[in-house]
Amino acid sequence: PPPRVAVFGGAWIQEAEPEYGEIRRLGRWLADRGVHLMCGGYQGAMAAASRGVSEAGGVAVGVTIAEWEDVVTVNEWLTHELVARDLFARLPVITDADAWVAFPGGVGTLQEVALCWNLVQTELARPRPLLLVGEAWDRQLRLFRELLRVSDRAHFDLVRPVASYDDLVEALAPAVERS
């Protein structure tokens, strides 16, 4: 199968925000390399990534939730929608990727990051990039280092903060090229 990158991030990121443009640019970068996008399929970061992928002629897969069908609007740039029964059924599908990228978001984004981190930490998934984009994650990672109890401090190194778009694509390139 082609390489896949899962993009996580807040549904409330607006098109006018600089992050939206960066996420959309990432989507185009992924499509240009034949990488399939996995995302939640809704608005904000998910729409920005899907839009970039779709505009570049790529594949954008949204893993939506059946229970939310009448409540949340699916973004218009998906090329494929997979409908999961609930959040629990969604997680194994959305995290089945060669790399994970998280932009700032809410509790759902934090849940996805924590799951991916834990999968690699416990060796239930092979190591792969888990990239957290932006300074908001820097503050959270500092807090995690202070408050979380881990058996090995090296577990914090399984998550990589990236400050810029250029740093992000540089970190992603090896994961999508070797897949």
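1. A crossing of two helices is called left-handed if the near helix is turned anticlockwise from the far one by less than a right angle, and right-handed if clockwise. Helices here (H or I, at least four residues) and strands (E, at least two) are DSSP runs, numbered from the N terminus. With that in hand, α1 passes α2 in a right-handed crossing.

2. A word on the source. This is a predicted model, in which local features need pLDDT of at least 70, side-chain atom pairs count only at pLDDT 80 or more, and totals for chains, interfaces and linings use all residues. Residues are numbered from 1 along each chain as its sequence is written, and side-chain values use heavy atoms, with hydrogens and water left out.

3. Start with helix α1, residues 18-32. For the 15 residues of α1 that gives 21 Å, and the end C-alpha atoms are 21 Å apart, so the two agree. Just after α1, G34 takes a positive phi of about 75 degrees.

4. Which residues of α1 are buried? Buried means under 20% relative accessible area, exposed means over 50%, and partly exposed lies in between (1.4 Å probe, protein chains only). The buried residues of α1 are Y20, I23, L26, G27, W29, L30 and A31.

5. Take L30 in helix α1 as a case. L30 counts as buried, because its relative accessibility is 0%. Contact means heavy atoms within 4.5 Å. Leaving aside neighbours within four places in sequence, L30 is in contact with V5, V35, L37 and L172.

6. Axes are lines fitted to C-alpha atoms, for helices over the stretch in contact, and angles run from 0 to 180 degrees between N-to-C directions. Angles under 35 degrees count as roughly parallel, over 145 as roughly antiparallel, 65 to 115 as roughly perpendicular and the rest as oblique. On the α1 side the contact is made by Y20, I23, R24, G27, R28 and A31; on the α2 side by A45, A47, A48, A49, R51, G52, V53 and E55. By class, this contact has eight nonpolar, two polar and four charged residues. (Ala, Val, Leu, Ile, Met, Phe, Trp, Tyr, Cys and Pro count as nonpolar, Asp, Glu, Lys and Arg as charged, and the others, Gly among them, as polar.)

7. Look at R51, in helix α2. Is R51 buried or exposed? R51 counts as buried, because its relative accessibility is 14%. Not counting residues up to four places away in sequence, R51 touches E15, Y20, R24 and W77.

8. Helix α3 (residues 87-94) holds F88 and also R90. F88 is exposed, with a relative accessible area of 68%. R90 is buried, with a relative accessible area of 5%. Beyond four places in sequence, R90 touches G40, Y42, M46, V63, I65, W68, A84 and E112. R90 and G40 are 50 residues apart in sequence and 8.6 Å apart in space, C-alpha to C-alpha. F88 and I65 are 23 residues apart along the chain, with their C-alpha atoms separated by 9.7 Å.

9. Next, α3 against α4. The axes come within 11 Å and cross at roughly 55 degrees. The pair is therefore oblique, and the crossing is right-handed. L87, R90, L91 and I94 in α3 meet Q111, E112 and L115 in α4. The contact of α3 with α4 has four nonpolar, one polar and two charged residues.

10. Last pair: α4 (residues 107-121) and α5 (residues 135-147), whose axes come within 14 Å and cross at roughly 55 degrees. They are therefore oblique to each other. Their crossing is right-handed. T109, L110, V113 and W117 in α4 meet W137, Q140, L141 and F144 in α5. The residues of this contact divide into six nonpolar, two polar and no charged.

11. E123 is found between α4 and β6 (130-133). E123 has a positive phi of about 60 degrees although it is not a glycine. E123 counts as exposed, because its relative accessibility is 70%.

Notes: Expected span 1.5 Å × (residues − 1).
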